Amino acid sequence: MRPDDPDNPKTWSRPYRWYITMLSAVLVLNATFASSAPSGIVPQLMEKFTFGTEVATLTIALFVAGYCVGPLLWGPLSEQYGRKPIFLVSFTAYTGFQVGCALSQNTASILIFRFLGGIFAAAPLANSGAVMSDVWDADTRGKAMALFALAPFAGPTVGPTVSGFMAVAGVSWRWVFWLLTFFAGSCLIFVALTLPETYAPVILVQRAKRLRKETGDSRYWAPLEKNKMGIRQRMKHVLGRPFIIMFREPMLLVITLYMSFVYGVVYLLFEAYPIVFTRGHHFNAGISGLMFLPIFIGAVFAVICYLLVFNPRYRRAMEQFAPHPVPPEYRMEVCMYAAPVYTISFFWFGWTSYPTVPFWAPLMAGFPMGFAIIWLFLGLFNYTIDAYLFVAASALSSMTVVRSLFGAGFPLFATQMYERLNPRWASTLLGCLALLMTPIPFILRRYGHKLRKRSKYSPTGNQPHKPPKKDPEEKAVEA
């Protein structure tokens, strides 16, 4: 599709593309909000279904476990049938499963509906980032992705607050799931009525079908129509390739483990915060939910700083390296600041979690933690895309699956860990693990270009890793 083609999403008006960006972010917010919403109604669920704390934790863990399956389906399917049809199908089913949760009468039904809901809620996690790539050029995409990065962390931090205050108000636990149903249904309506198809190959298929119908000439066809895979070949491509790439790429494996640890800890905090603030400081569920807000506020400040400080610096690097692309290692600069801050935030939270210490001290530890999480995700996510280019989708797919496994698994042992070790030493253990991973951005910044040269899948290994020296004549012309 030509750059000046009126059907090319990158040529649509900027306000319209920003609307598409915001709608895509809301879809992600919807999915992540639903993942953590039950944390505020755990006592009601335990009373209604007579299960223990471990099973109650599964209402969150199984939903996040659905994220492991969903990206493997929705990403490749959207590249065959388009973004919009996948959003419509997945959100229709997702809305229905929220109704199932609201009407559940036994433990098995609510756990099954939560898992199935997570599978279908994963569609925006897999495809909303692709929509950003569809509608924005490389220059603006960084700004859009920085703002978009807030959505995956806004949902988990807001969910406990909303459900907690609903529980305090005496509202039935079922209304939390009815709220999720209304939110999902509203998003489905906006997708159906206002979201266009943004994937260029599918737009060309639609154009070819229209021309064949209007002219009766069967010679009109789109490349995607000729590129059909068999079921076995497609399954191998979808399920096998992402993990083959990950296990053959040491730097991708390390990045995946670091991002997965960070993501898992976000969901671990849903079990740790109630121990510190509900039991230790005797807050109700609503006030305990508010304790998550500094994480989100820190994330907002991180995005602002990224846009004001690092984005202009990256643009200057683009001018220095032109006509070559900027080496992926330049993306590690934000991570080199964020990694130590992330580690320190655990020791801050842990050793101020005594009931005798004012709650403001552990509360404010969430601010640097949220700040660091966003910078780590932006840096590592963009590094993966820049380093792997044509296989970036497969690299990100495996990363999403492993990250979701950590997100589903960490809450399952969080309560036992914080009860047996106490919040001080449990947080210290997490801080020590974060400390072990702190050198990763520094190593990639220093030696990443050498690793890329040895990589079988990174096509950027032979590009310059230092700004090329300009000829005196070019400098004179610029002057």
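**Aromatic pairs and their surroundings**

Mentor: The structure holds 31 aromatic pairs, where rings of Phe, Tyr and Trp (its six-membered ring) pair if their centres lie within 6.5 Å, and planes under 30 degrees apart count as stacked, over 60 as edge-to-face and the rest as tilted. This is a predicted model, in which local features need pLDDT of at least 70 and side-chain atom pairs count only at pLDDT 80 or more, while totals for chains, interfaces and linings use all residues. Residues are numbered from 1 along each chain as its sequence is written, and side-chain values use heavy atoms, with hydrogens and water left out.

A pair of aromatic rings is described by the distance of the centres and the angle of the planes. For Trp178 and Phe182 the centres are 6.5 Å apart and the planes are at 25 degrees, so the pair is stacked. Trp178 and Phe182 are separated by about one helical turn because they are four residues apart in helix α8 (residues 174–194); helices here are DSSP runs (H or I, at least four residues), numbered from the N terminus. Trp178 has a relative accessible area of 22% and is partly exposed, and Phe182, at 49%, is partly exposed. On this scale buried means under 20% relative accessible area, exposed over 50%, and partly exposed in between (1.4 Å probe, protein chains only).

Ring pairs also build a cluster, which links Tyr263, Tyr267, Phe270, Tyr273, Phe277, Phe283, Phe292, Phe349, Phe359 and Trp360.

The charged end of Arg424 sits 4.3 Å from the centre of the Tyr354 ring, and Arg446 lies over the face of Tyr447 at 5.1 Å from the ring centre. The criterion is that NZ of Lys or CZ of Arg is within 6 Å of the ring centre and within 35 degrees of the ring normal.

Helix α15 (residues 332–351) packs against helix α17 (residues 366–388) at an angle of about 145 degrees, with the axes 8 Å apart; axes are lines fitted to C-alpha atoms over the stretch in contact, and angles run from 0 to 180 degrees between N-to-C directions. Among the residues that meet are Tyr337, Tyr342, Phe346 and Trp348 in α15, and Trp375 and Tyr383 in α17, contact meaning heavy atoms within 4.5 Å. The residues of this contact divide into 18 nonpolar, two polar and no charged, with Ala, Val, Leu, Ile, Met, Phe, Trp, Tyr, Cys and Pro as nonpolar, Asp, Glu, Lys and Arg as charged, and the others, Gly among them, as polar.

Key
Helix = DSSP H or I, 4+ residues; strand = E, 2+ residues; numbered from the N terminus.
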